[in-house]
Amino acid sequence: MRSKRVIGLLVVLLLLFFGGCMGCNTYNSLVEQEEFVNEAWGNVETAYQRRSDLIPNLVSTVQAAGEFEQETLSMVTSARARATGITLNADDLGDTARLAEFQAAQSQLGSALGRLLVVSENYPQLRATEAFRDLQAQLEGTENRINTARTRYNEAVRRYNTAIRRMPAALFAGMFGHSARPAFEADKGADTAPEVNFSS
């Protein structure tokens, strides 16, 4: 009778030991995945910051060209102010409303910059300046970096969200405070091709 109790106690202890090991491994794995998401978000922020840092130089260069459309410059400046006024750190990434607000502000800034570059086509003396060409090339490169950083962030989010939904992690994720993170989504209307009209 006593040996049955000892065996039963050993079985319970073994189950607790293996359950504890599984919980620790799961926890460590989820922490690693979450850190990948945080690192990827830091890269997104860095790319957006680089774009924001280039804008004052671009605006100064365009203003030096003389009679450039002030409305367009004002739009770029105010869009930059809105975009830099919304900060989103890694702890806020679970808040889909804050991420959407951040994404909308960055999208407005991208649109304003796009308009500036399109309008600049009407100013050949501006396009001919080396400073403007250099800034335009840097902005194009930065937009590519932003796209790459967002893609990598979405990949990290996908891996993390998959990890917290898989067994046995799904049993522990909520206990450890891990919840799904939202990914970047395409801007509204991005799936519609722009209409090009050369008739005017």
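The model is predicted.

Start with the secondary structure. The protein has 6 helices and 0 strands. Followed along the sequence, the pattern reads α-α-α-α-α-α.

Next comes the chain as a whole. The protein has 200 residues, and 32% of them are buried. Its accessible surface is about 12,600 Å². Carbon and sulfur atoms supply 54% of that surface.

Now turn to one pair of helices. Two packed helices are described by the angle between their axes and by the distance between those axes. Helix 3 covers residues 96–119, and helix 5 covers residues 130–165. The two pack at an angle of about 150°. Their axes are 12 Å apart. Angles over 145 degrees count as roughly antiparallel. Helix 3 and helix 5 are therefore roughly antiparallel to each other. The crossing of helix 3 past helix 5 is left-handed.

Which residues of helix 3 and helix 5 meet? From helix 3 come Q103, L113 and L117. From helix 5 come F132, Q136, L139, E143 and R150. Sorted by class, this contact has 4 nonpolar residues, 2 polar ones and 2 charged ones.

How values were computed. Residues numbered from 1 in each chain as written. Predicted model: local features only at pLDDT ≥ 70, side-chain atom pairs only at ≥ 80, totals over all residues. Heavy atoms only, no water. Helix = DSSP H or I, 4+ residues; strand = E, 2+ residues; numbered from the N terminus. Buried < 20%, exposed > 50% of the residue type's maximum accessible area, 1.4 Å probe, protein only. Areas by Shrake-Rupley, 256 points an atom, 1.4 Å probe, with all protein chains shown as cover. Axes fitted to C-alpha atoms, helices over the stretch in contact; angles between N-to-C directions. Parallel < 35°, antiparallel > 145°, perpendicular 65-115°, else oblique. Left-handed = near helix turned anticlockwise from the far one by under 90°. Contact = heavy atoms within 4.5 Å. Nonpolar A, V, L, I, M, F, W, Y, C, P; charged D, E, K, R; others polar.
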